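Have the sequence and the 3D view open as you read.

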Amino acid sequence: MNFKEIAAYSLGLFGFQAIVGLLNSYQAEFDASILGADIAVVGILVLVAKILSAVFDPFVGNMIDRSKSKNGKFKSMIAKSILPLLVMSAVVFIDVPFKTNKAATYIWIFATYLLWSFAMTLGDVPSQGIASVLTPDPTERTNVVSISNTFKQIGFSACVVIVPIACLIIPGGSKVLVKSGETDLPMIANEYLFTAVLTAVFGCVLFGLIPLLNKERVPYTAGDKISFKDMMGALKSNKPFMLVIISYFLGFGRQMAMGIQVQAANILLGSQNLVAVLGIGTMISMAACPFLIKKLDEKKVFIGLSVYGFIASVLSFVIAHFWFTNPDNMVLTVLFYFSLFLMGLQFASVNLMPMIMTADCVDYYEYETGKRMEGTAYSVLTLTIKICLALGTALGLVFVQVSGYSDTVREIAAGTAAGFATKTKDIVFFAYAVVPGILSLLSAIPIFKYDIVGKKKQEISDALQARRTAAAAEK
């Protein structure tokens, strides 16, 4: 792959995740502050919508594997997803006139988020799956996936730049901090909508670079229509891939941190627009992953990061508890921010490693059966990610609701409260750090049996290359 292709794929994922990050970070805040919805109810609605939309993933994967498009089976699906993604990303943030009617409001929130989720799936499955066909070289693939997913992680936090810009452009925007300096003023309805439109246009333009500039280098033959039962049977026979999926489900709590990162940034850092600070450690760990894999292997890196994640998360919570009660203590302040950085170093195991391991599992399945099922495999992976994110977000928002966060935000906006109580901070940070840390440890258990590493992985790669060379010579 040349630099232009790597840049196109990386920027494409950046743009796509900028849209996903905006919805993930600000939708619940919009629904609560502008539409007057209960944030815990929103969490449940989001959970149900994500689970329903996740069922759509295997159908998209099936369509990809059966595609006969001359433009490439992944690229053609990405191109089809851009318009619905652009439209629905803006619709979700419309301030509806019937918001005094709670039932109608909740139906609107659910319906629009479900449609957005369907649109997102059309782009998500092929944009992840195309990584397995950009290059047949597993080492190059690991490097490309690492680079692009680092951009993906940065894109997920791009709203921290776009939102303040929108606030400055919109007349009457929230440009002034509360006098206490503890939090930002709540955004107004026009700011949310303008931010959504700006992010959607920006994100979709970048996302369009993938089908425009990338090549699908790994050859494939369009398959016949297969049933859901056939798909599950094929996946069941791919034992390494099933271990990856089981591991992801066991570690679903790590998605809780992503689901409530705006609320965590608000109470920990004093502003939701500082959410990117929470992701610095994650970006560094993702950039370092190829070097760790080269020195060790995917299995050892995943297990090591998972165990490390548990230790770092619990340690950060202990430090945070004492800092919440003594916020002026400079030593505790430094230790707390350093612990946030250390805690973030674990998240390459959930953000990056499954992508690399799934591509290796696709090669393994081709090696064993002679068939490639990238679309099916990555659709199951994205389905798993969505369900885990939905479960994590819903559970996290329940913690947020129980903590009294929403009531405190309203009181701060009304000028009747100076900041968040220690109890509120403890509960939210427990959900942000400790629960993900415990489940991070559990996620390592299935990977002890994962064996597509080292010599075996190289043998599979060499054998597949020999087959493709022979097939090309016959033509």
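## Helices α15 and α16

The crossing is left-handed.

Which residues of α15 and α16 make the contact? On the α15 side you'll find Y308, A312, S313, S316, I319, A320, F322 and W323. On the α16 side there are L332, T333, L335, F336, Y337, S339, L340, L342 and M343. Sorted by class, the contact of α15 with α16 has 13 nonpolar residues, four polar ones and no charged ones.

## The whole chain

Time to zoom out. This is a predicted model, and its protein chain has 22 helices and zero strands. Of the 475 residues in the chain, 59% are buried.

The chain exposes about 19100 Å², and 69% of that comes from carbon and sulfur atoms. Now take the contacts between residues at least 6 apart in sequence: 84% of them join residues at least 24 apart.

## Helices α4 and α5

Here's another pair to find. The axes of α4 (residues 73–91) and α5 (residues 102–129) come within 8 Å and cross at roughly 155°, so α4 and α5 are roughly antiparallel to each other. Their crossing is left-handed.

From α4, the contact takes in F74, M77, I78, S81, P84, L85, M88, S89 and V91. What classes do the residues in the contact of α4 with α5 belong to? There are 14 nonpolar and six polar residues, and no charged ones.

## Helices α19 and α21

One more pair to go. The axes of α19 (residues 374–403) and α21 (residues 422–447) come within 8 Å and cross at roughly 165°. That angle makes α19 roughly antiparallel to α21. Is the crossing of α19 and α21 left-handed or right-handed? It's right-handed.

In α19, the residues to look for are F399, V400, V402 and S403. They meet T424, I427, V428, F430, A431 and V435 in α21. By class, the contact of α19 with α21 has eight nonpolar residues, two polar ones and no charged ones.

How values were computed: Residues are numbered from 1 along each chain as its sequence is written. This is a predicted model: local features need pLDDT of at least 70, side-chain atom pairs count only at pLDDT 80 or more; totals for chains, interfaces and linings use all residues. Side-chain values use heavy atoms; hydrogens and water are left out. Axes are lines fitted to C-alpha atoms, for helices over the stretch in contact, and angles run from 0 to 180 degrees between N-to-C directions. Helices (H or I, at least four residues) and strands (E, at least two) are DSSP runs, numbered from the N terminus. Angles under 35 degrees count as roughly parallel, over 145 as roughly antiparallel, 65 to 115 as roughly perpendicular and the rest as oblique. A crossing is left-handed if the near helix is turned anticlockwise from the far one by less than a right angle, and right-handed if clockwise. Contact means heavy atoms within 4.5 Å. Ala, Val, Leu, Ile, Met, Phe, Trp, Tyr, Cys and Pro count as nonpolar, Asp, Glu, Lys and Arg as charged, and the others, Gly among them, as polar. Buried means under 20% relative accessible area, exposed over 50%, partly exposed in between (1.4 Å probe, protein chains only). Accessible areas come from the Shrake-Rupley method with a 1.4 Å probe; for residues, only the protein chains shown count as cover.
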